[in-house]
Amino acid sequence: MDELMTYLQEIDGGLAFAGTNEFDPNIHFVLAGQYYGFYTPRGNRRLNRRQQAIKAKLVDAGGIVATVRCTGDLDRILARDERRYRLHQAMPAREMRRMLDEWGKGSYRLNWLDALIKRLPSDARRVIMARYMDNVPCDEIAREMYYCERQVYRFLTTGVDQLIEWAVDGTPEPHYVEPGWVD
């Protein structure tokens with residue numbers, strides 16, 4: 001575990017710290033606003049029921065939880081978000097959310113966001129407009145759109161990520177990926 005912790009602590013822009021009890025992930029890691037929880041079992045041990053319940057709650061909250069045994073496992077898991085990490089270095093998600101808040105209040109300086117938001121898929125566009133323009137809470141958006149609250153948060157997260165990508169790259173074609181489970 002010490003080798004894995006050292007490896008994660010050397011990643012620029014990441015924050016790694018050890019778990020506090022036997023049920024939490026052994027290593028907690030945050031990179032570009034994304035939480036990762038890593039279990040490092042000894043031998044061929046599986047996660048017990050309580051650890052599986054904690055893992056499910058962390059995944060439901062938008063985190064990524066995995067069992068790792070070596071730095072190669074960490075590379076494989078973190079490489080999925082390498083492009084996202086580079087984009088978030090250029091424009092942090094909190095900056096895009098701040099701009100969306102201003103846009104929702106009618107800031108004329110951010111009219112360029114209109115064109116980007118119109119390019120989003122309809123469900124993500126409706127969620128972002130309801131959340132930032134009308135200040136509707138996520139649970140109410142979920143009820144109105146007949147989605148679970150977790151799906152609404154996924155639409156928000158992936159929509160904001162797509163807006164960041166378009167704003168940073170100036171990409172003319174959408175690269176939006178529907179939210180869902182990552183295998």
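The second largest pocket of this predicted model is lined by Glu22, Phe23, Asn26, Tyr39, Thr40, Pro41, Arg42, Arg45, Arg46, Leu47, Asn48 and Gln51. Its volume is about 250 Å³. A pocket here is an open set of points on a 1 Å grid over the protein atoms alone, with protein on both sides within 12 Å along at least five of seven lines; a 1.4 Å probe is used, and lining residues have an atom within 4 Å of a point. The volume is the space filled by probe spheres set on the points, which are joined across faces, edges and corners. The lining divides into 4 nonpolar, 4 polar and 4 charged residues. In this division Ala, Val, Leu, Ile, Met, Phe, Trp, Tyr, Cys and Pro count as nonpolar, Asp, Glu, Lys and Arg as charged, and the others, Gly among them, as polar.

Residues are numbered from 1 along each chain as its sequence is written. In this predicted model, local features need pLDDT of at least 70, side-chain atom pairs count only at pLDDT 80 or more, and totals for chains, interfaces and linings use all residues, while side-chain values use heavy atoms, with hydrogens and water left out.

One of the lining residues, Phe23, lies in the loop between strand 1 and strand 2 (27-31). Phe23 is buried, with a relative accessible area of 18%; buried means under 20%, exposed over 50% and partly exposed in between, with a 1.4 Å probe and protein chains only. Leaving aside residues up to four places away in sequence, Phe23 touches Tyr39, Asn48, Arg50, Gln51 and Ile54, where contact means heavy atoms within 4.5 Å. Phe23 and Arg49 are 26 residues apart along the chain, and their C-alpha atoms are separated by 9.4 Å.

Gly13 is found in the loop between helix 1 (2-9) and strand 1 (14-18). At 54% relative accessibility, Gly13 counts as exposed. Gly13 and Leu31 are 18 residues apart in sequence, with a C-alpha to C-alpha distance of 6.5 Å.

The chain as a whole holds 9 helices and 4 strands, in the order α-β-β-β-α-β-α-α-α-α-α-α-α from the N terminus on. These elements are DSSP runs numbered from the N terminus: helices are H or I, at least four residues, and strands are E, at least two. Of the 183 residues of the chain, 39% count as buried. Among contacts between residues at least 6 apart in sequence, 54% join residues at least 24 apart.

Within the helical part, helix 5 (residues 93-104) and helix 7 (residues 122-133) pack at an angle of about 75°, with their axes 8 Å apart. Helix 5 is therefore roughly perpendicular to helix 7, a term that covers angles of 65 to 115 degrees. The axes are lines fitted to C-alpha atoms over the stretch in contact, and angles run from 0 to 180 degrees between N-to-C directions. Arg97, Leu100, Asp101, Trp103 and Gly104 in helix 5 meet Ile128, Met129, Tyr132 and Met133 in helix 7. The residues of this contact comprise 6 nonpolar, 1 polar and 2 charged.

Asn135 has a positive phi of about 55° although it is not a glycine, and it is exposed, with a relative accessible area of 53%. Tyr146, in the loop between helix 8 and helix 9 (149-169), is likewise not a glycine and has a positive phi of about 60°. Tyr146 is exposed, with a relative accessible area of 76%.

Note on methods:
Angles under 35 degrees count as roughly parallel, over 145 as roughly antiparallel, 65 to 115 as roughly perpendicular and the rest as oblique.
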